[in-house]
Amino acid sequence: MPVTSFSLLVLSVLGAALLTVWALSAFGIATVLPVVLVLALVARWGMGHVPFDDPQG
């Protein structure tokens, strides 16, 4: 993994954490928790394993 991609990944995670902390302080846990759960489930679905497809095989 190139250094640029790794640093972008780290900055994205830090940004998401800061955004979550800000949203929790601004809107409260009852509003933010369902949104965070939905985003986590969408990310889990998006990064799911894709089976190998070999049309020649």
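Is W22 buried, partly exposed or exposed? Keep that in mind as you tour this predicted model.

**Stop 1: the whole protein.** Show everything. The protein has two helices and zero strands. Now colour by accessibility. Of the 57 residues, 4% are buried. The accessible surface comes to about 5300 Å². Carbon and sulfur atoms account for 76% of that surface.

**Stop 2: helix 1.** Select residues 3-27, which make up helix 1.

**Stop 3: a nonpolar patch.** Select F6, L9, V10, L11, V13 and L14. Together they make a nonpolar surface patch of about 580 Å². Pick out L11, a member of helix 1. Its relative accessible area is 59%. The cut-off for exposed is over 50%, so L11 counts as exposed.

**Stop 4: two rings.** Select W22 and F27. A pair of aromatic rings is described by the distance of the centres and the angle of the planes. The count for the model is one aromatic pair. W22 and F27 form that pair, with 5.7 Å from centre to centre. Their planes are 85° apart, and the pair is edge-to-face.

Back to the opening question. W22 has 49% relative accessibility. Exposed needs over 50% and buried needs under 20%, so W22 counts as partly exposed.

**Stop 5: just past the helix.** Select G28. This residue comes just after helix 1 and takes a positive phi of about 95°.

Notes:
Residues are numbered from 1 along each chain as its sequence is written. This is a predicted model: local features need pLDDT of at least 70, side-chain atom pairs count only at pLDDT 80 or more; totals for chains, interfaces and linings use all residues. Side-chain values use heavy atoms; hydrogens and water are left out. Patches are made of residues with over 30% relative accessible area and no salt bridge: like charges are joined within 9 Å, nonpolar side chains (Val, Leu, Ile, Met, Phe, Trp, Tyr) within 5 Å. Accessible areas come from the Shrake-Rupley method with a 1.4 Å probe; for residues, only the protein chains shown count as cover. A salt bridge is a side-chain nitrogen of Lys or Arg within 4 Å of a carboxyl oxygen of Asp or Glu. Helices (H or I, at least four residues) and strands (E, at least two) are DSSP runs, numbered from the N terminus. Buried means under 20% relative accessible area, exposed over 50%, partly exposed in between (1.4 Å probe, protein chains only). Rings of Phe, Tyr and Trp (its six-membered ring) pair if their centres lie within 6.5 Å; planes under 30 degrees apart count as stacked, over 60 as edge-to-face and the rest as tilted.
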